[in-house]
Amino acid sequence: MTDTWIPKRAMFIYAHPDDVDFSAGATAAKWARGGSEVTYVILTDGNAGSHDPGMTKERLGRMRRAEQEAAAAVVGAKACIFLGCQDGLLEPTLALRKRLVGLIREHRPEAVVCGDPRRYFSGSTYINHPDHRAAARVAVEAVFPAAEMNLLYPDLVTEGLTGHKPNYVYISTHEDPDYYVDVTETIELKIEALRQHHSQLGDWDPGPRIRDRCAELGKQGGCEYAECFRRMMLKPLETERR
Ligand SMILES: [Zn+2]
């Protein structure tokens with residue numbers, strides 16, 4: 001199934017700067033272009049991700065936040081929220097779940113986009129970063145059922161952050177995707193957003209690999225270029241109820 005729906009508000013929750021751009025950047029760009037209020041929540045600053053012996057965590061963290069802000073501007077995301085958790089040591093704690101519930105209640109997204117908490121391996125050459133699984137797990141656990149349960153966090157309700165249930169969760173990097181977003185018009189924005197992550201990409205041009213991958217997914221989704229997801233429906237849209 002190829003997606004045509006554009007949420008009014010969408011929240012993308014990922015572990016590191018650049019994860020959202022690799023996983024779902026063209027979808028974010030498509031939704032932003034279509035009028036969606038797109039918010040990125042980046043759990044760590046990715047500040048352990050350097051092999052440069054002269055680098056410090058503080059400097060790298062600042063660089064990576066700035067790179068993610070630049071990438072978000074390319075895509076048209078409205079806000080980047082950095083939670084500053086420790087890169088490489090991310091855990092899906094109850095405290096982090098509560099922080100995400102607070103953000104979900106504040107921003108009230110119709111769609112939440114995150115990774116797959118079960119993803120350990122990809123092909124025969126890639127072991128998934130444990131932060132990616134932790135981020136995906138805490139995101140899914142914040143979305144359901146915690147975000148809608150007022151009695152779970154009375155202090156949040158006192159602050160005016162009342163329960164909210166997103167309509168959909170889009171799981172990227174799922175091994176059995178069932179939903180394809182036609183990103184033919186925004187694939188170049190995804191590539192341009194990825195190019196903002198200079199500290200990670202160096203001289204590597206992500207264009208050819210991203211075009212190949214999205215073309216492959218496009219064949220499956222029936223369009224030129226696609227990104228794919230497993231889409232979970234938590235609550236039908238008003239229009240779907242009629
Ligand atoms: Zn990552």
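**Entry 1**

How many bridges join strand 9 to strand 10, and do they run parallel or antiparallel? I find 4 bridges between strand 9 (residues 179-182) and strand 10, and the two run antiparallel. Two strands are taken as paired if DSSP finds at least two bridges between them. Helices (H or I, at least four residues) and strands (E, at least two) are DSSP runs numbered from the N terminus. I note that the model is predicted: local features need pLDDT of at least 70 and side-chain atom pairs count only at pLDDT 80 or more, while totals for chains, interfaces and linings use all residues. Residues are numbered from 1 along each chain as its sequence is written.

I looked up Val-181 and found Glu-227 as its bridge partner in strand 10. Strand 10 (residues 226-233) is also joined to strand 8 by 4 bridges, again antiparallel. There, Ile-171 has Arg-230 as its bridge partner in strand 10.

**Entry 2. Strand 5**

I followed strand 8 (residues 168-171) to strand 5, with which it pairs in the parallel sense over 4 bridges. Val-112 stands opposite Val-169 in strand 8. Strand 5 also pairs with strand 2, in the parallel sense, over 3 bridges. In that pairing Met-11 has Val-112 as its bridge partner.

Which residues cover the two faces of strand 5? Ala-111 and Val-113 lie on one side, Val-112 and Cys-114 on the other, and all are buried. Buried denotes 20 or more other C-beta atoms within 10 Å of a residue's own, exposed 12 or fewer, and partly exposed in between, with C-beta atoms placed from the backbone. In a regular strand the side chains alternate between the two faces of the sheet.

**Entry 3. Helix 3**

I checked the length of helix 3 (residues 94-107): its 14 residues reach 20 Å from first to last C-alpha, close to the 20 Å expected at 1.5 Å a residue. The expected span is 1.5 Å times one less than the number of residues. Its buried residues are Leu-96, Arg-97, Leu-100, Val-101, Leu-103, Ile-104 and Arg-105. Their cover includes strand 2 (9-14), strand 3 (37-44), strand 4 (79-85), helix 4 (130-143) and helix 5 (154-158). Just after helix 3, Arg-108 takes a positive phi of about 50°.

**Entry 4. Asn-128**

I located Asn-128 in the loop between strand 7 (126-127) and helix 4. Why does Asn-128 count as partly exposed? Asn-128 does so because it has 16 C-beta neighbours inside 10 Å. Leaving aside neighbours within four places in sequence, Asn-128 is in contact (C-beta atoms, placed from the backbone, within 7 Å) with Arg-119, Tyr-120, Phe-121, Ser-122 and Arg-133.

**Entry 5. Core and overall dimensions**

I examined the largest nonpolar core, which has 63 residues; Phe-12, Ile-13, Ala-28, Val-75, Cys-114, Ala-135 and Ala-139 touch the most other members. Helix 4 gives the most to this core, with 8 residues. Such a core is a set of buried Ala, Val, Leu, Ile, Met, Phe, Trp, Tyr and Cys residues joined through C-beta atoms within 7 Å.

Buried residues make up 46% of the 242 residues in the protein. I count 9 helices and 10 strands.

Key. Two residues are in contact if their C-beta atoms, placed from the backbone, lie within 7 Å.
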